[in-house]
Amino acid sequence: MGKSSSTAMMTEKADYSSLEAHLHDLQDKSERWHTHTCSSFLNEEETAAMQKIFMPSAHVRWFGGYPQARKQKVIFLFDEEDDFSDIVCLQAKADQRFRKISHRDILGALMSLQIDRHAFGDFWISDDCIDLYTSTSMAPFLIDNLTRINQLSVQFEQIDDYPAQVFQMRSFTAVAASERADAIIAAITHVSRSKAKEMIHAGMVQFDHVALDVPDEVCHNNVTISIRGFGRFLYEGYDRKTHSDRIVAKFQQYI
């Protein structure tokens, strides 16, 4: 691949300056008005970037409705004893005997309502139910208007519980030259290390929801690896080496 092609593959880092300024404004209002304020739902990349600036503390709470939620809000608390949250869970029965629906179908139905993606949190299908996290202000609108998903009629209602999404995982091992990022990516995707480097430089790889900058970064245990076109993986480390001094790396794949 020529130099110009490589340059074309490079992606710029996401600019979160506007989001950071907005969150600083919310934090200032909380301190100035002696009350709580909160953001809308942030995606995993936004959360990872902003948690480095607004670190969890007695006055800064990150929450998405349940532990380990993928989309979260940052809540600024003036009083350390304040447990404010405007996050609620909506649930609908989904009889899929005659029509199956997917995560993409639900997202499509939400987008058809012309609401911002930051207006809702995690959602999933399990045990013939759809669970959807949103805010108290958005809940009535969704209950009234989110009544059809891919021709399947649904009726959401607000529930008192806060269910957690259960992720299905598949365990596997792969032989890698080392714990360098390019070696780990090459092992997961079954490509050469030079191709893995191209993928990293093209912005196709994230470690813990942050775009990877350099191929020689060390992959530490329990890092979440996202590879565009291949999925999401959890690196669990390695327990042995081969005779040629390569590592047998252990992974969990989200399925």
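Predicted model: local features only at pLDDT ≥ 70, side-chain atom pairs only at ≥ 80, totals over all residues.

Visitor: Why is Phe-98 called exposed?

Guide: Its relative accessible area is 75%, and exposed means over 50%, so Phe-98 qualifies. You will find Phe-98 in the loop between β4 (87–93) and α4. The C-alpha atoms of Phe-98 and Pro-215 are separated by 47 Å, and the two residues are 117 places apart along the chain.

Visitor: Which residues of helix α4 are buried?

Guide: In α4, residues 103–112, they are Ile-106, Ala-109 and Leu-110.

Visitor: What makes them line one face of the helix?

Guide: Looking down the axis of α4, you see the buried residues fall within an arc of 100°, so they line one face. As background, an α-helix has 3.6 residues a turn, so residues three or four places apart point the same way. Arg-104 and Ser-112, on the other side of α4, are exposed.

Visitor: What do the buried residues of α4 pack against?

Guide: Their partners are β5 (120–126), β6 (129–135), α5 (139–145) and β7 (148–149). After α4 comes Gln-114, with a positive phi near 60°.

Visitor: How do you know that the buried residues of α7 line one face?

Guide: The buried residues in α7 (193–201) are Ala-196, Met-199 and Ile-200. Down the axis of α7, these buried residues fall within an arc of 100°, so they line one face of that helix. Their cover includes α6 (181–189), β11 (205–207) and β13 (223–227). Gly-203 follows α7, and its phi is positive, near 80°.

Visitor: Which residues touch the most other members of the largest nonpolar core?

Guide: This core has 24 residues, and Ile-184, Ile-185, Val-205, Phe-207 and Ile-225 touch the most other members. At least two residues each come from β10 (169–176), α6, α7, β11, β13, β14 (231–241) and β15 (247–254). The most come from α6, which gives six residues.

Visitor: What does Ile-185 touch?

Guide: Leaving aside residues up to four places away in sequence, Ile-185 touches Ala-196, Met-199, Ile-200, Val-205, Phe-207, Ile-225 and Ile-227. Here, contact means heavy atoms within 4.5 Å. Another core, of 23 residues, lies apart from the largest one, and its members include Ile-101, Leu-110, Leu-132 and Val-154.

Conventions:
Residues numbered from 1 in each chain as written. Heavy atoms only, no water. Buried < 20%, exposed > 50% of the residue type's maximum accessible area, 1.4 Å probe, protein only. Helix = DSSP H or I, 4+ residues; strand = E, 2+ residues; numbered from the N terminus. Arc of directions from axis to C-beta. Core = buried A, V, L, I, M, F, W, Y, C linked by side-chain atoms within 4.5 Å.
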